[in-house]
Amino acid sequence: MTQSSDDSQAFLRSFFGSGNSIQWDAYKSAAPTDAIRSYLEPWVRRFLKQESPFLLPRVDPSSKQTTWYVLCGNSREARSMRESLLAFIGPTYSNFHGQLAKLDPEDPIESCCKSTFGSLVFRLPVIHDDDRTKVGRLLTAIIDYRDRESGRSLAAVKPIGRLLRDLEMAILARNEQSAWAIYGEIRSRGRLSATNLAFLQVRIFAAFEKWAELLLLPVLDEILQVRRPKRISDQIAQAVYRQHLSQHELTGDVSAAVETYRGTAKRFHNLVRSTAGLQSPDAIKFALVSSVASDPTKRELAEQLAGHSAIAADAEWANALLATLPAPAPAEGVSEAVIGYDVADARYNENNFDEAFALYLLQPPTNRSVHRVLELAVEIDTRRSAEDAIAYLSSASDDVQGRVLSRRVCSGHVEILSQILGQDSGGKVKPIESLIDWFEFVDTGEAVKTSGEVLEYGIQKWISNSSFETSKIAETLQISRTGKQRDIIRNAVPTFIRAFLVDRSATRECKPIYNALTDLLIYDESVGPDDLTAIEQLSEAILTTAPSHDVSNNDFQHVAELTTYLWALIAAPRHFDWVLSMLDLLIDTGAQQHTSLTPILATLAESSRLWARRISDDQWSLLELLAADLDLTEMVSVPRPEVEEATQDDSPDIRSLLAGKSIAVYSLTERIARRFGQLAQQTFEGIKIHYIHDKSLTDRMKSLAQSADIFIINTWDAKHAATNGIKDSRPKSKTCLHAEGKSSTQLLSCLIHHANTICRT
């Protein structure tokens with residue numbers, strides 16, 4: 001809360017007014033030595049200086065009972081203050097058990113508190129008169145302690161593991177600003193090496209398709225020379241393809257692609273020494289061009305890559321690249337004796353690590369072959385290669401194992417591979433074969449530092465097993481944990497969301513897991529804006545995959561209740577888009593037929609009254625549309641704040657500015673796009689809107705990219721394959737807009753900003 005001095009005094013006059021034996025006029029006229037002055041002075045001074053939280057006493061005129069009101073400026077402060085009040089005051093001196101006050105709108109003092117602080121108010125009635133002095137001293141002690149805590153020490157509470165988790169959540173939520181802010185905090189801690197910090201930069205640049213910035217990283221050459229996670233190699237390969245080779249794919253010019261690779265992109269050949277773990281279409285196409293342009297060419301690898309399922313939509317380009325390969329030489333009979341170390345070494349020297357690895361595994365285990373297998377498994381960096389290498393090491397004689405493991409470099413390789421597969425408390429390899437095994441691994445506390453890495457490498461394999469049971473995983477996720485085990489599960493939430501929702505379509509079978517992940521997020525101590533985005537995604541998955549509306553298991557009621565619960569905790573103007581979007585989701589899925597949405601709308605109407613000048617016109621319009629959908633228009637019949645005359649005179653009339661224009665909007669969430677369409681047609685006259693929801697580039701998408709006057713891409717809710725295709729197909733002379741957020745109101749703000757820019761120019 002930020003108020004002017006006059007506003008603060010007006011609030012204090014109301015608080016120490018009717019219904020309070022302590023009167024503002026008596027305080028103001030009292031001498032500095034008077035009891036009332038010395039009693040209230042510290043608390044009044046805090047309020048006037050805006051040093052939140054604020055504590056003010058009220059004495060009931062009839063019962064003479066003293067009640068303290070604790071007024072908080074934001075939800076984070078309220079959560080922190082709640083813990084302090086429970087520890088210092090609690091039910092010992094009051095009936096306070098941590099609950100927010102249910103303020104009476106008919107009470108003038110409580111109505112004043114609610115209109116200024118919303119729901120972030122605690123009420124502490126002092127049970128016994130004899131305890132009034134002691135409670136006052138304890139409240140003073142709480143504030144003194146909080147004031148002595150530095151902001152820096154509070155900011156440093158989050159461990160690195162939690163910050164890395166928050167960074168992944170920001171990437172999942174497509175929140176670039178948040179991602180860079182978290183990266184800055186991680187860097188300031190000084191806990192990660194320069195190489196690992198560079199990997200994080202690559203992650204962020206790639207997540208938000210900043211390919212040019214990625215390739216301009218000062219440390220890129222160093223990254224190319226060290227061992228990298230396969231995901232980092234994949235993302236750098238994407239950047240190279242997008243910046244140097246994709247334009248040749250658009251024109252179908254294979255010769256130009258080959259020449260560009262040889263002249264510019266060859267510097268990056270180390271990225272595809274192994275292609276086993278590459279997943280993105282652009283990285284696979286980069287590897288394909290590399291295999292065609294290398295000297296000598298790698299026909300077998302090129303044919304394998306051309307058949308990769310990730311680039312099935314690009315078969316024409318893949319076949320054009322294959323057509324440039326020279327005819328295969330006649331096959332010659334080769335004895336098995338020849339296919340030995342020499343051929344494996346030749347493939348190794350050619351940087352064809354996948355084939356070299358397979359050939360070494362065919363050889364009898366010797367010092368030399370085991371060393372090479374371990375080295376290559378680390379470079380290939382997949383769970384399968386780690387399993388094969390450890391199995392190969394185990395098949396060697398005790399003498400060979402002893403000599404290999406006595407070498408520091410080999411023991412280092414085994415350590416890396418064991419971190420991929422899992423290891424016991426003694427550091428020995430302990431392969432984890434299922435997600436249930438992983439939870440047991442965490443709960444028993446064995447080598448918990450590597451648990452996140454084990455999960456990243458294994459989860460896709462584990463959830464693909466026919467024996468996988470979603471209900472059992474959901475139950476295991478919901479087990480109450482403490483200490484390191486609790487932190488590990490919470491930090492793994494982004495990995496679970498990516499595996500069960502982002503990388504695959506929502507399914508009815510996974511609903512128990514969506515519910516479990518939602519619970520993990522909403523009952524966390526710190527719920528940030530990126531967590532809210534994830535909660536919305538999970539809620540949408542729950543309500544769009546055969547939702548239940550039984551009395552004992554009502555998905556609609558559950559989502560409505562969690563929305564109300566969360567809004568009570570995080571209510572603030574900056575989160576207004578989120579709660580509007582949640583109500584929109586509930587209406588879009590027909591929730592009003594199975595549960596009442598009136599409480600949510602009533603809360604939003606109250607918030608709109610409290611923050612009338614902080615709510616944008618777009619948000620007002622969406623709120624009115626939602627109320628109309630529920631046939632409750634009268635609940636939000638609050639007059640919008642009038643714009644100052646000077647502002648009205650300066651603001652251009654943009655209603656007819658886009659008349660006759662065609663606007664294409666791409667968003668995977670159809671309800672967001674269509675709600676944007678309703679808002680846009682209210683704001684602009686004579687526009688025609690086209691909606692696109694495909695996950696991959698289609699002919700219709702290409703056609704609209706070329707013809708639409710304005711193309712809006714909801715990058716917070718889109719697939720790279722489609723957005724890249726739109727950008728590549730879009731003429732440079734035509735407008736392409738990107739919203740700052742996912743919601744329909746932010747899409748509209750993006751369009752309005754564009755219209756205002758046209759007026760100014």
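This is a predicted model: local features need pLDDT of at least 70, side-chain atom pairs count only at pLDDT 80 or more; totals for chains, interfaces and linings use all residues.
## How to read the model

Residues are numbered from 1 along each chain as its sequence is written. Local features need pLDDT of at least 70 and side-chain atom pairs pLDDT 80 or more, while totals for chains, interfaces and linings use all residues, and side-chain values use heavy atoms, without hydrogens and water.

## A sheet of three strands

Let's begin with an open sheet, ordered β1-β2-β3 with antiparallel pairing. Because β1 (54-59) and β3 (121-125) each have a single partner strand, they form the edges, and one side of each lacks a neighbour in the sheet. (Strands, E, have at least two residues and helices, H or I, at least four, as DSSP runs numbered from the N terminus; pairing takes at least two DSSP bridges.)

Six bridges join β1 to β2 (residues 66-71), and Leu 55 sits opposite Val 70 in β2. Helix α3 (residues 35-48) packs on this sheet, touching β1 and β2, at about 135° to the direction of β1. Angles run from 0 to 180 degrees between N-to-C directions of lines fitted to C-alpha atoms, for helices over the stretch in contact.

The largest nonpolar core has 101 residues. Such a core joins buried Ala, Val, Leu, Ile, Met, Phe, Trp, Tyr and Cys residues through side-chain atoms within 4.5 Å, where buried means under 20% relative accessible area (1.4 Å probe, protein chains only). Helix α33 (residues 576-588) supplies its largest share, nine residues. Another core lies apart from it, with 46 residues, including Val 254 and Leu 322.

Conventions:
Buried means under 20% relative accessible area, exposed over 50%, partly exposed in between (1.4 Å probe, protein chains only). Contact means heavy atoms within 4.5 Å.
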